[in-house]
Amino acid sequence: MKTRYIHMKNQQGAALAVGLILLVIITLMGYTGMKGTILQEKMAAGLHNRTLANSGANSAIRQGENFLYNLVEITNGVDVRGTPGGVFNNLYSLLSDIDDPTSPKNPVLTDFFQRNWNSSNGTEHNYDFTSASGNAGLNAQPQYIIHEVVYGGVGSGRSTDGEEAAKKGSESTQRSFMVTGKSQSGDGNSIALMQSMFTVVTASDATN
């Protein structure tokens, strides 16, 4: 009778090493996927907040334009002009000194145009955007500010119909105003500034 000998090979631990390597790879893949998902959520939230801020600024512009339109309609444009301190219905001049075209820009405007929420010179929107339900609310009320574009707040001085105006003893002047809307997102991290030009033809005398 023959005796058979079975030789046992020594285990080198290759299966354990391969298993650990695969586990590390799977863990890294899971972490990378989770990190990518979190980044996408942050991007979506940022886009949402920027959209809210832009919408609030645009709404503020519309209210400012409506205010300016009604002001011109009521007064027929007489003395509708910007001043450094906004003494006339909060209409500001572009420059700090309306008699000096070399003077610096009105600090009221410079302060408002900053992308922060420290300015108190703007006029708040009359609708309460902070009370909106869910994540559709804003952190603060949108604001707008109106300033006359030309130097000195005296308009272009261009007569729309000089001969006819002279016959009537009055002169029509084209004036341009910039309406700036400012809004802050619900999380307070996004601040939007938007502007529109509003041009009116004013008269030197009331027509009513």
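This is a predicted model: local features need pLDDT of at least 70, side-chain atom pairs count only at pLDDT 80 or more; totals for chains, interfaces and linings use all residues.

**A loop and its surroundings**

A: Asn-90 has a relative accessible area of 40%, so it counts as partly exposed. Asn-90 sits in the loop between H1 and S1. Its phi is near 60 degrees. That is a positive value, and Asn-90 is not a glycine. Why point this out? Most residues other than glycine have a negative phi.

Asn-89 is found in the loop between H1 and strand S1 (91-92). Asn-89 is not a glycine, yet its phi is positive, at about 55 degrees. Its relative accessibility is 36%, so Asn-89 counts as partly exposed.

Now step back to the whole chain. The chain holds three helices and five strands. Read from the N terminus, the order is α-β-α-β-β-α-β-β. There are 208 residues in the chain, and 32% of them are buried. The accessible surface is about 13400 Å². Carbon and sulfur atoms account for 56% of that surface. Take the contacts between residues at least 6 apart in sequence: 60% of these join residues at least 24 apart.

Gln-63 has 16% relative accessibility, so it counts as buried. What does Gln-63 touch, leaving aside residues up to four places away in sequence? The list is Glu-124, His-125, Asn-126 and Tyr-144.

Glu-65 and Arg-62 are its partners, with the closest N and O atoms 3.3 Å apart. Both residues lie in helix H1. They are three residues apart, about one turn of the helix. Glu-65 counts as buried because its relative accessibility is 18%. Arg-62 has a relative accessible area of 43%, so it is partly exposed.

How many salt bridges does the structure hold? The count is two. The other bridge pairs Arg-175 with Glu-148, and here the closest N and O atoms are 3.0 Å apart. Arg-175 lies in strand S4 (residues 172-184) and Glu-148 in strand S3 (residues 143-148), so this bridge ties together parts that are 27 residues apart in sequence. Both Arg-175 and Glu-148 are buried.

Back to helix H1, this time for the surface. Val-18 lies in this helix. Val-18 is partly exposed because its relative accessibility is 47%. Val-18 is one of the residues that make a nonpolar surface patch.

Ala-136 is placed in the loop between strand S2 (123-124) and S3. Its relative accessibility is 39%, so Ala-136 counts as partly exposed. Ala-136 and Asn-49 are 87 residues apart in sequence. In space, their C-alpha atoms are 8.7 Å apart.

Last, the aromatic rings. Two numbers describe a ring pair: the distance of the centres and the angle of the planes. The chain has two aromatic pairs. One of them joins Phe-112 and Phe-113, with 6.5 Å centre to centre and 70 degrees between the planes. That pair is edge-to-face. The other pair is Tyr-127 and Phe-129: the centres are 4.9 Å apart and the planes are at 80 degrees, so this pair is edge-to-face.

Are Phe-112 and Phe-113 buried or partly exposed? Phe-112 has a relative accessible area of 0%, so it is buried. Phe-113 is at 22% relative accessibility, so it counts as partly exposed. Lys-182 lies over the face of Phe-112, at 5.2 Å from the ring centre.

Key: Residues are numbered from 1 along each chain as its sequence is written. Side-chain values use heavy atoms; hydrogens and water are left out. Buried means under 20% relative accessible area, exposed over 50%, partly exposed in between (1.4 Å probe, protein chains only). Contact means heavy atoms within 4.5 Å. A salt bridge is a side-chain nitrogen of Lys or Arg within 4 Å of a carboxyl oxygen of Asp or Glu. Helices (H or I, at least four residues) and strands (E, at least two) are DSSP runs, numbered from the N terminus. Patches are made of residues with over 30% relative accessible area and no salt bridge: like charges are joined within 9 Å, nonpolar side chains (Val, Leu, Ile, Met, Phe, Trp, Tyr) within 5 Å. Accessible areas come from the Shrake-Rupley method with a 1.4 Å probe; for residues, only the protein chains shown count as cover. Rings of Phe, Tyr and Trp (its six-membered ring) pair if their centres lie within 6.5 Å; planes under 30 degrees apart count as stacked, over 60 as edge-to-face and the rest as tilted. A charge sits over a ring if NZ of Lys or CZ of Arg is within 6 Å of the ring centre and within 35 degrees of the ring normal.
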